[in-house]
Amino acid sequence: MEKIYERSPVLSPDAVSGFCPGCFHSTIHKIFAEVFDEMGLGKSPICVYGIGCCGNGTFYHDLNSMETAHGRAAAVATALKRTNPDRVVFSYQGDGDLAAIGLSETIYAANRGENITVIFVNNGTYGMTGGQMAPTTLVGQKATTAPKGRDPEEVGYPLHIPELLNSLKTPYYLARVTCTTPANIKKAKAALKKAIQYQIDGKGYSMVEFLCNCPTNWGMTPLESMDYINETVMKEYPLGVIRDKGEEEAKKEK
């Protein structure tokens, strides 16, 4: 009998997912596990987890990893990469971790061009701690700390992190993807594979932002949450490549 599928060894064989039903975290985990397998990296990458739902990955992955203080994943990933330059080092962070308390570390790691890969999971809420408003919460979107919806006159507008980093000279690759359809999952996987390859090639800082759902705190079914991303979230955060210096350099060579 021909084997057509097997579980990636990067994913712990004994772990049972504790993520809420329909949450994209599980899908993103599978994506990067498959990327490592296909690139022949196996269990060698080092993962730096941010606090929050992202930190649950320590239970589900068979990788060398470190869970950091809230917001400090970029700084820790920097140290790990500089001391282990032959290893792939990536951070796995949510919007509260990366875009709020960790925004300074995010900007300066990108500005230094650190040769790391950042997986940024943006679900527009503090998923683990009760659904508070995050830096990426949409205007009008309700949260436990914004029961009437985000008011930009009171708290400002949602942050667009890859676009913010695109104002810097050094980031090499910046992209935004999601997991709402098989086609989008395929594109997300390709984007992450490219980001990892750029790190292997020593090109510098890359970020892949995943638009993620949070059915529990959004008060939606998983299917409703996917429709919400497709119909509402993507209007604020359009999918696509924000910067790809590799493609730009290839065009110049032609």
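Q: What share of the 254 residues in the chain is buried?
A: Buried residues account for 50% of the 254 residues in the chain, where buried means under 20% relative accessible area, exposed means over 50%, and partly exposed is anything in between (1.4 Å probe, protein chains only). Please bear in mind that this is a predicted model, in which local features need pLDDT of at least 70 and side-chain atom pairs count only at pLDDT 80 or more, while totals for chains, interfaces and linings use all residues. Residues are numbered from 1 along each chain as its sequence is written, and side-chain values use heavy atoms, with hydrogens and water left out.

Q: And how many helices and strands are there?
A: The chain has 10 helices and nine strands, taken as DSSP runs (helices H or I of at least four residues, strands E of at least two) and numbered from the N terminus. Its radius of gyration is 17 Å, close to the 18 Å from the globule rule for 254 residues, so the chain is as compact as a globular protein of that length; the radius is taken over C-alpha atoms, and the rule is 2.2 Å times the number of residues to the power 0.38. Along the principal axes, the C-alpha trace spans about 50 × 50 × 35 Å.

Q: What fraction of the contacts with a separation of 6 or more is between residues 24 or more positions apart?
A: Such pairs make up 70% of the contacts in the chain with a separation of 6 or more, a contact being heavy atoms within 4.5 Å.

Q: Moving inside, which residues touch the most other members of the largest nonpolar core?
A: In that core of 43 residues, they are F32, F36, Y92, I119 and F210. A nonpolar core here is a set of buried Ala, Val, Leu, Ile, Met, Phe, Trp, Tyr and Cys residues joined through side-chain atoms within 4.5 Å. The elements giving two or more residues to this core are α1 (25-38), β1 (46-49), β3 (89-94), β4 (117-122), β7 (173-178), α7 (182-200), β8 (206-211) and α9 (222-236). There is also a second, separate core of 20 residues, which includes A77, V89, V118 and M207.

Q: Where is F32, and what does it touch?
A: F32 is found in helix α1 and is buried, with a relative accessible area of 0%. Not counting residues up to four places away in sequence, F32 touches H61, L63, F90, Y92, I119 and L192.

Q: Which rings cluster with F32?
A: Ring pairs link F32, F36, F90 and Y92 into a cluster, and the structure holds nine aromatic pairs. Rings of Phe, Tyr and Trp (its six-membered ring) pair if their centres lie within 6.5 Å, with planes under 30 degrees apart counted as stacked, over 60 as edge-to-face and the rest as tilted.

Q: Switching to charges, how many salt bridges does the search find?
A: The search of the whole structure finds 11 salt bridges, each being a side-chain nitrogen of Lys or Arg within 4 Å of a carboxyl oxygen of Asp or Glu. One of them joins the side chains of E34 and K189 (3.0 Å, N to O); E34 is in helix α1 and K189 in helix α7, 155 residues apart, and the pair links distant parts of the chain. E34, E38, K189 and K193 are linked in a network of salt bridges.

Q: Is K189 buried or exposed?
A: K189 is buried, with a relative accessible area of 18%.

Q: What about R176, which partners does it have?
A: R176 meets E163 in a salt bridge (2.7 Å, N to O), and the side chains of R176 and E209 meet in another (2.9 Å, N to O). R176 lies in strand β7 and E209 in strand β8, so this pair ties together parts 33 residues apart in sequence. R176 is buried at 2% relative accessible area and E209 is buried at 1%, whereas E163 is partly exposed at 30%.

Q: Last one: which residues is N122 in contact with?
A: Leaving aside neighbours within four places in sequence, N122 is in contact with D95, T136, E209, F210, L211, C212 and Y237. N122 is found in strand β4 and, at 4% relative accessibility, counts as buried.
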